[in-house]
Amino acid sequence: MTQAKQPIIQIRNVSKRFGKVTAVDNISLDILAGEFFVLLGPSGCGKTTLLRMIAGFEMPTEGQIFIDGQDMSLVPPNKRPVNMVFQSYAVFPHMNVTDNVGYGLRIAGVSKGEIRDRVAEALELVKLGGFEDRMPDQMSGGQRQRVALARSLVMRPKVLLLDEPLSALDAKLRAQMQFELADLQDKVGITFVTVTHDQDEALSMASRVAVINKGEVAQLAPPADLYEYPANRFVADFVGSVNIFEGKLTLDEPDKAAVDCPGLGKIYLNHGVTGPHGADVWVALRPEKIYLHVPGEGKAVRAAAQDAPDGHNLARGTIKGMSYLGDITLYEIQLDGGQMIRVSRPNLSRHDQEDFTWDDKVSMHWRADSPVVLLS
Ligand code: ATP
């Protein structure tokens, strides 16, 4: 679909204070109709408070929230075109699946025939066809979670708000439900707004993610942009694993922007950087963007030389720690300059790459488009 999406939720200069605590600090952002929007951040950053203000369970201390163009300031939760799925995905324990899912429609006075059809449709969507007569205690956590989802979907809200929807599930089920939720959202086309502190969840499900830090938006971007081009140190650190080095920006040679890092040398860049020559900056380098070699191997030097002048973007060090994680191995390497660097490497066939172990001397290189400069 190429049609431009319109904002369905507009948050304008919204703050929320609880006594002396500022939970949400002057946030403005748009959530687009039909997108899967994720609010991501550490515990206490204010993401749940923002979600609860969209739902109408909390009122902003300042600012306004518009849903579908309408100011929500005086609109109570039950009159908003939104529906919330709670963290605990509470379902009524004494009702079977059909009655649980049809509950909201019964309260709304919808006819029996329509309830039957809409419950059947909602159960199909969450892949619970055939479970109509089951009681909640006869179901797994993942199945109960789907009942809670169906109960919200059946109301056909314009916006579905989900508060940590997968946090009660075990790791495997969570990974599966991440796919299913994204797939479901795509099918029904309802706007989903989810809160999570789990970066994998955010990256795998979202069309766009707002990373929240101390009540403010640290960055708002699609998942790949967040990961590849973090806007600041907080986002670089919070989303994924990263090496961060301090250095000074050197722009004295045209086309040779670099960051001079004590103990590491110059990290050359082949992309634009904004910032004055000599500025104190950080360089973020993802562990999987660093290639590991037997020291002095000509191929490595040639590869690095392709996009970095004078064979730079090379480093040498000694393996001081490693953890085997199945698909990858993580290496902690002490550079000859003393700094520690973390490198991850996919575990390919043993014939395809060298094995490394503790205390091995290694060399590393990375491409000049990998490091990201963050202004301090
Ligand atoms: P978590 O992931 O732990 O739920 P969060 O990012 O969702 O965290 P919020 O629940 O929005 O964070 O809380 C933000 C801040 O506001 C925290 O410091 C919290 O203690 C405070 N806070 C939230 N609700 C209230 C309340 N009802 N009364 C007082 N303080 C509150």
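**Working notes on the predicted model**

Reader: Which element gives the most to the shell around the ligand?
Author: α1 does, with 3 residues. Helices (H or I, at least four residues) and strands (E, at least two) are DSSP runs, numbered from the N terminus.

Reader: What should I know about the model and the numbering?
Author: This is a predicted model, where local features need pLDDT of at least 70, side-chain atom pairs count only at pLDDT 80 or more, and totals for chains, interfaces and linings use all residues. Residues are numbered from 1 along each chain as its sequence is written.

Reader: Back to the ligand. Which residues are around it?
Author: They are Phe 18, Val 21, Ala 23, Gly 41, Ser 43, Gly 44, Cys 45, Gly 46, Lys 47, Thr 48, Thr 49 and His 197. Two or more of the shell residues come from each of β2 (21-32) and α1 (47-55).

Reader: How do they divide into nonpolar, polar and charged?
Author: The shell has 4 nonpolar, 7 polar and 1 charged. Nonpolar here covers Ala, Val, Leu, Ile, Met, Phe, Trp, Tyr, Cys and Pro, charged covers Asp, Glu, Lys and Arg, and the others, Gly among them, are polar.

Reader: What is Pro 42 in contact with, leaving aside its neighbours within four places in sequence?
Author: His 197 and Phe 238. Contact means C-beta atoms, placed from the backbone, within 7 Å. Pro 42 also lies 9.1 Å from Val 211, C-alpha to C-alpha, although 169 residues separate the two in sequence.

Reader: Sheets next. What order has the open sheet of 4 strands?
Author: The order is β2-β1-β4-β5, with antiparallel pairing. β2 and β5 (70-71) are the edge strands, each with a single partner, so one side of each has no neighbour in the sheet. Pairing takes at least two DSSP bridges between two strands.

Reader: How many bridges join β4 to β5?
Author: 2 bridges join β4 (residues 62-67) to β5. Phe 66 stands opposite Asp 71 in β5.

Reader: And the open sheet of 5 strands, what order there?
Author: β15-β19-β16-β17-β18, with antiparallel pairing. The edges are β15 (290-293) and β18 (340-346), and each has a single partner strand, so one side of each is left without a neighbour. On average, neighbouring strands of this sheet are turned by 45° against each other, direction ignored. The axes are lines fitted to C-alpha atoms.

Reader: How many bridges join β16 to β17?
Author: 7 bridges join β16 (residues 314-324) and β17 (residues 328-335), which run antiparallel. Thr 318 stands opposite Gln 334 in β17.

Reader: Now α2. Which of its residues are buried?
Author: In α2 (residues 97-107), Val 97, Asn 100, Val 101, Gly 102 and Leu 105 are buried. Their cover includes α3 (112-125) and α4 (141-153).

Reader: How many helices and strands has the protein chain?
Author: 9 helices and 20 strands. Of its 376 residues, 36% count as buried.

Methods. A residue is near a molecule or strand if its C-beta atom, placed from the backbone, lies within 6 Å of it. A residue is buried if 20 or more other C-beta atoms lie within 10 Å of its own, exposed if 12 or fewer, and partly exposed in between; C-beta atoms are placed from the backbone. Two residues are in contact if their C-beta atoms, placed from the backbone, lie within 7 Å. Axes are lines fitted to C-alpha atoms, for helices over the stretch in contact, and angles run from 0 to 180 degrees between N-to-C directions.
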